[in-house]
Amino acid sequence: MFVPVLVIRNAFRHKLRTALTIVGIVVAITAFGLLRTIVDAWYAGANASSSARLVTRSSVSLVFSLPLTYAQKIRQVPGVAGITWANWFGGVYITERNFFPQFAIDAASYLELYPEILLPPEERKAFLVDRRGAIVGRKLADQYGWKVGDQIPLRGTIFPGTWSFNLRGIYDGADRTTDQSTLYFHWQYLNEVLKQKYPRRADQTGVFIVGIRDPQQAAAISAAVDATFRNSLAETLTETEKAFQLGFIAMTEAILLAIQAVSFVVIVIIMAVMANTMAMTARERSAEYATLKALGFGNGFVAGLIVAESVGIALLGGLAGIALTFPVAGAFADAMGTLFPIFYVSDETVLMQLAAALLVGTLAAGLPAWHAARVRIVDGLRAVG
């Protein structure tokens with residue numbers, strides 16, 4: 001019982017200094033956790049992708065559509081288990097600030113390929129039978145206060161005009177990695193309007209989503225799909241759903257690298273502050289450590305006291321920082337709205353925060369502990385803090 005009590009009393013001998021050090025660690029660990037969570041949110045879509053789904057798009061650019069007739073040819077490729085299609089809509093809800101993803105989908109086949117979209121049976125049926133029906137994620141519905149039965153007006157940008165949808169269902173995700181901030185409506189409804197107003201844009205889609213039987217054959221099936229349309233007027237590029245998502249992330253890779261660099265710089269800064277605190281503490285107690293040595297305690301015991309005190313302070317600040325990360329991340333997610341569809345503090349982030357706190361405490365005590373262990377009894381007793 002003697003050692004823990006001694007460590008605790010030493011740690012809080014200078015209460016203001018210790019309190020300020022702990023506050024610094026709390027801020028650093030919280031900032032580190034929030035920045036890591038932002039990076040995780042950026043990759044969330046790719047990490048949640050299914051290995052059993054491929055995405056086929058125009059080989060030139062996503063802005064070019066593909067003929068709907070491709071669906072039947074893709075379905076005949078060996079290894080393909082199912083196919084659906086979707087169009088990015090890009091509508092505006094009231095104001096441009098209210099951004100959220102909107103897709104026109106082939107409802108029945110899309111929901112079959114995405115079992116992680118969970119809808120109550122009655123809402124699923126209502127959506128399927130209503131030509132102007134739509135479903136939205138729980139997060140999006142909560143953000144705008146939508147309820148089943150509401151009408152959602154969107155001002156078209158890619159597809160001009162005012163579009164109104166009947167909200168027939170609010171879906172939940174199979175787990176927390178499922179995007180719940182998207183609006184889906186019927187591709188057939190979009191196509192019917194296009195046939196009347198813009199016939200040349202009808203019977204086309206942005207991407208095909210291809211379900212495959214064996215994820216190990218993804219590369220071979222992708223090559224077979226693309227070979228089917230080689231030398232056609234609309235050649236294709238087929239890739240895994242994860243690779244498709246990572247293509248968007250690559251556009252902002254420099255930003256991600258900067259965020260990750262800042263997260264580690266924060267830890268290095270607080271490590272320097274902690275090391276300075278422990279150096280001051282060890283210097284002030286040179287006479288006490290020399291007295292302990294004179295009483296028969298070894299160099300390892302003296303060094304252990306300093307390390308234990310440093311780790312204890314860092315761990316206390318680290319745990320408080322971890323606890324604070326959750327409400328801070330929640331407030332940040334609310335402020336960002338649908339910019340980050342999937343935003344949560346992962347177990348890996350918590351472990352990294354804990355490891356960072358322990359690393360700060362251990363390394364900050366390294367040099368002061370080494371000096372305290374080497375000091376001679378006579379020199380220590382002569383020293384004045």
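Helix α10 (residues 253-284) has 32 residues, which should span 46 Å at 1.5 Å a residue; its end C-alpha atoms are 47 Å apart, in agreement. The expected span is 1.5 Å times one less than the number of residues. Helices (H or I, at least four residues) and strands (E, at least two) are DSSP runs, numbered from the N terminus. The model is predicted: local features need pLDDT of at least 70, side-chain atom pairs count only at pLDDT 80 or more, and totals for chains, interfaces and linings use all residues. Residues are numbered from 1 along each chain as its sequence is written, and side-chain values use heavy atoms, with hydrogens and water left out.

**Helix α10**

**Cavity**
- On a 1 Å grid over the protein atoms alone, a cavity is a set of points where a 1.4 Å probe fits but cannot get out, a pocket is an open set with protein on both sides within 12 Å along at least five of seven lines, and lining residues have an atom within 4 Å of a point.
- The whole structure holds 1 cavity of 30 Å³ or more.
- The largest cavity has about 60 Å³ of space, a volume being the space filled by probe spheres set on the grid points, which are joined across faces, edges and corners.
- Among the residues that line the largest cavity are N10, H14, T277, M278, T281 and E309.
- At least two lining residues come from each of α1 (2-11), α2, α10 and α12.

- The largest pocket has about 1700 Å³ of space.
- It is lined by 48 residues, of which W88, F103, F244, Q245 and F248 are the closest to its centre.
- Each of α2 (15-47), β1 (53-58), β3 (80-88), β11 (207-212) and α9 (241-249) gives at least two residues to this lining.

**Nonpolar cores**
- A nonpolar core is a set of buried Ala, Val, Leu, Ile, Met, Phe, Trp, Tyr and Cys residues joined through side-chain atoms within 4.5 Å.
- The largest has 41 residues, and V136 and W146 have the most contacts inside it.
- Helix α7 (residues 187-197) gives the largest share of this core, 5 residues.
- Another core, of 31 residues, lies apart from it and includes A28, L305, A365 and A373.

Definitions and conventions
Buried < 20%, exposed > 50% of the residue type's maximum accessible area, 1.4 Å probe, protein only.
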